Structures are given as C-alpha cells and as structure tokens.
Amino acid sequence: MSVRDAEELEALLGDPADDANPYGFAAAVGRDERDEFPAEFCAELARAGFHLNYLPKEWGGTFEAFDRSLTLVRSAARRDVNIMPGTMFSIIAATCLQLHGSVEQQQLAAEVLRGGGAVGFALTESAHGSDLLANEVALSADGVLDGEKWMVGLGLRCEAVYVVARTGARGPGAFSAVLLDLRDVPAGQLERLPAAATNGMRGIDLARLRFTGLRVPDGARVGREGEGLEAAVKAQQAVRLMSMAGSLGIADSAVRIALDFAAVRKVGRAVLASSPWPRRELSVAAAALLAADVSALTAARGVHVVPEAFSVWAPAAKHVVAESCEELVRRAGAVLATRSVLREGERGAGLFQKLQRDTAVVRVIDASTLANLKSYAGQVPTLTEGGASAPADAEALSAVFALDAGLPAYEPERLDMFARGADPVLAALPDAAAEVSAALAADPSAAPVAALVEELAAAVAGLGGLTRAARGPGADPNALVDAAERYAWLHAAGCAVHLWRANRDRPLYGTEPGSAGWLGAVLGYLLARADGTDPRRRGAVLEPALDAALALRESGLLFTALPVRLATNRREES
C-alpha cells in the first residue's frame, strides 16, 4: 500500500481530536509525557508506504515531487512532529548516496529503506557543533575509523550509517565519507549511546556513535576522497525542505487551537476572534502562517526547476519558515493565555506546551538560526550586487509558481555548493511587481496591497547597496549576516508576488480567484520582519489572513494555498 496524497493519509489516520485515536493529539501528548518514541504511529505510516514518498522510484520509492511530499509530511506532523524523526531522518543519507554513492551502496540503502529501516547520518560532533571544519572523527590511511559522532538521527536503531570523517589536514577537502552496514560491525568497534535528551520532540532517537578502531571494509568509501563534506552540505538543502514540513505541521495545530478557542470564548458580548487585541494577535499569527506556507511551497517546487540556486534559496526559506512559525506559536499562546500552560484538567491540556517545545527543536534541528544565516551570507552579495538585474527565465518561473504546472524531475546532482548567476525570484521581481501593481490598480480597495508591492520592489532594489556597505571598510562585523536575514524575508515576499501573479485565476487560501487580501497580509508581515519592526504595526492589512484562516478552519481544510480536506471534516460529514 502507498498513500497517494494528504487527503488519503488524513482519511487513514482519522480525526486527531478524538482522544481514542492512537494517531491523535491525546496519544501524542501521552507519549511526550513518557518520553516515548512513536513506534506504533511510525509502523502504521510504514504500512501505508509513507516512508517511500521521499525515495526515488529507481530505489523502489514513490517520490514524485517535493511539494507533494511536503504536504504529506505536514499532514502527519500536525498530529505529532515526532513522526518525522521516525520516518524521515534517512533522507539526508539517501540524498548523499544519490549524489556520489556507488550502485552497490545505493542498492544497500534502498533495501534498508524500502523495508522500513533507517540509514543514519553522522556528521556533527559535540565539541564542535556547526563548526564542521573542526571535526575530529578520523579515518586513517589504512582504513581505521576512530572518534564519536553526536546527535545521529535514529542512531540507536539504524541498520546502516553514512559517516563523514577526517582524512586530511585542513579545509573542506579534508573530509571523506563512508557507508557502514552496521549489521556486520564486529563487537567492540562501535558503541551506540543515547544523546542528551531534548526538551521538545521528546522520545525521538538521537544517538552518539563511538567508533573505536573500526576497520572500514573495502567498498565502504563513498565517492572520492575529500568530497564527503561537500556532498553533505549539498544534501542538507533537501533536508531543510522536509524540516519546513515539520514546522508547518506544528504551526497548523497551534493556530487551529487558538482559533477554536477564540471562536467560542467571549469577553463581554464579543468572541475573542472579533475583539480588537486578540484579533490583532491572531491576524499576525495567520499572516505568519500564510507567509511560511508561501515560502515552503514555492521552495519545494523551485528545487525541481532551479536546484543550482538552492545553496541560498533553501536556507533562506528555512529561516523564514522557522522564524515565522516560532512567532505564530507565541502569538497563539498569548491569545490562549492560561490555557497555553495547562498540563491537565481540560481537553487538549498539554498539547500546546508540546507544540511550543517541539517548534523550538525543529527550528534548530538541521542548523541553528545563526549557522543557517552564515551558511549563505557570503553568497548574497553575488546575487544582489548587479546579479539581480540579469534576465529572468520566464518559463522556469512559470513552472515554479503556477501551481497547476507540471514539474521537471528532481535532479540532486544539479545542487551546488554556491549559487551562480542571478536569483531567479528577485531577478524577475521588477517586471512582476509592475504587472501586479497595474492589475491591483483596477480595484481601489486593493490600493494598500499595491503600495506594499511597490515598497517590496524598492526594498529589493536596495539590497545591492546594503551588501556593498556590509563589506565596506569599518562595517559592523554582523552586517553581512543581517543583510542575509533581510534578504530571506524579501525573497519570501518576492515569492508571494510571483505566486499571486501566476495563479490569479485560482482560489488560493480559500479566497476568491484574484483576491489580493492574502497577498497584502503576507507582504505586510514579511516587510515588517525584513525591517525588524513589529508586524502588528502593519495593522489592518494583516486581517485578511485571519479571515482566510477562519474560513479554512470552518471548512475543515489545511492552512495551505490549495485545499486539503482534513479528517476532522470527513468525520463530521459522515
């Protein structure tokens, strides 16, 4: 069996609000309290073929496109984000092997993964964290592996592991990769130890792998000597796409809880959803959710079309999604007030606290906020100091942003360490902004949105000067990282403009075709974040995002651009 889409998965897993549902919220909170791995949930997903949706078809998988996989994972993760470690942690090792593994190594991984097993990925070390060039785990010239890797996903139970180890003295070329079949490792050469427990995503399998004189067998070396770190960094671009699905799953549940409460709770004669202060907080939360959805969805499509740009696009999207989801959880908690901290006594008690803890872990699980920004900060000047004026590929942009357009096959070998040439999103923004502004001018009520589009175009035009100043004499040492953060928010805003332009004849976010309300809310939120100001100061322009979220909730739909019917609504209809 293999689930075909998110609606089929929803029907299979049932209503998560049903306390008796083993794949629902109450079960997730119970596991969280017990620090328990979601074994039964992951087994049910495996029976449904969920774990095959990121494996290429030549490996026996069912992968079609990242936007489909993103929505599938998001649907499962809204119930409990811990299923991601249980089912998706092998994606980075699999991608590395797609990039430079031998046929035999790919066959080994495919065999393990098709059977529902795991291939671990061992890169980081406790003493060095994101400073990968300082890593010490070493593979000697005669093939002996020594040292300890840290925070290895599914490390306690994986059947194989991809290890990046030092084989040289210095620089990125000092690291090579090996694929170890752990079923054949002699006793005493490998010790698996639990990693330090995390505050969120409790019970997930994170391990320390300690290698002591482990003799690496012939044929275990992956690719050429010195390319292990390069392959790992490229593969992390795909991992960031899937970590965004986890953030969005948490965000969906957090906003839904707050809207459920605000729709019935009264202050005086008015429900919270229509009272000024709660409505403003909920409007920010909803705008942040739509902004995160735009960023993740378009990135998941873009990696098929312009993978060469993803050394910047992927971490920029990761930043926007992680930071937006962290903010919306906080805003939702402000509306829930005391009910956001209750552990017992009411239905759903403890769930929101779990979501708060989980989003903090997902936010840093593949890279801390600073490490993520630093990973592409040095590339931003190339894309903004004249590069953004290069001609854009209109056909490629249409394939990314027109949601009914077919996508080319994903080609991981086209991923690159550095973006080369123009950013396709921002290169085409001047023409797109002019067209969208002209279209909005026909509707006087859309004038505030048109003004935001023009504000975005001006902000993007100023990025080149910002990055030049960041590299100039006497510049603040943090200026380039700050420029990278501003770039991320503006890049996401550019994606929103392209998405509206390419889908004017389609109803997005449950609104009428061509509706500009959601676009204004997303732009208002993203421009405020780019400027480092409180999005609440954007006022009424954010409210259409809340109206859209309320309508999607009432219709039992996922908070995403295109409708996905949820199990809750199915059950009510039956």
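Here are some questions and answers about this predicted model.

Me: Before we start, what ground rules apply here?
Reply: Residues are numbered from 1 along each chain as its sequence is written, and side-chain values use heavy atoms, leaving out hydrogens and water. Totals for chains, interfaces and linings use all residues, while local features need pLDDT of at least 70 and side-chain atom pairs count only at pLDDT 80 or more.

Me: How many helices and strands does the protein chain have?
Reply: Both are DSSP runs numbered from the N terminus: H or I of at least four residues for helices, E of at least two for strands. On that basis, the protein chain has 22 helices and 10 strands.

Me: What radius of gyration does the protein chain have, against that of a compact globule?
Reply: The radius is taken over C-alpha atoms, and the globule rule is 2.2 Å times the number of residues to the power 0.38. For 574 residues that rule gives a value near 25 Å, and the chain agrees with it at 23 Å.

Me: At what angle do the axes of α12 and α19 cross?
Reply: Axes are lines fitted to C-alpha atoms, for helices over the stretch in contact, with angles from 0 to 180 degrees between N-to-C directions. Helix α12 (residues 369-377) and helix α19 (residues 479-502) have axes that come within 9 Å. The pair is therefore roughly perpendicular (65 to 115 degrees; under 35 is roughly parallel, over 145 roughly antiparallel, the rest oblique). The crossing angle is roughly 95°.

Me: Which residues of α19 does α12 meet?
Reply: Contact means heavy atoms within 4.5 Å. From α12 come L370, L373, K374, Y376 and A377, and on the α19 side sit L480, V481, A484, E485, Y487 and A488.

Me: Is S90 buried or exposed?
Reply: S90 is in the loop between α5 (83-88) and α6 (91-100). Leaving out residues up to four places away in sequence, S90 touches Y54, L113, G117, A118 and V119. Buried means under 20% relative accessible area, exposed over 50%, partly exposed in between (1.4 Å probe, protein chains only). At 3% relative accessibility, S90 therefore counts as buried.

Me: Which helices do the buried residues of α14 pack against?
Reply: In α14 (residues 394-401), the buried residues are A396, L397, A399, V400 and F401. They pack against α9 (276-305), α10 (310-336), α15 (424-427) and α19.

Me: How far apart in space are G213 and L370?
Reply: G213 lies in strand β7 (residues 206-215) and is partly exposed at 32% relative accessibility. In sequence, G213 and L370 are 157 residues apart. In space, C-alpha to C-alpha, the distance is 35 Å.
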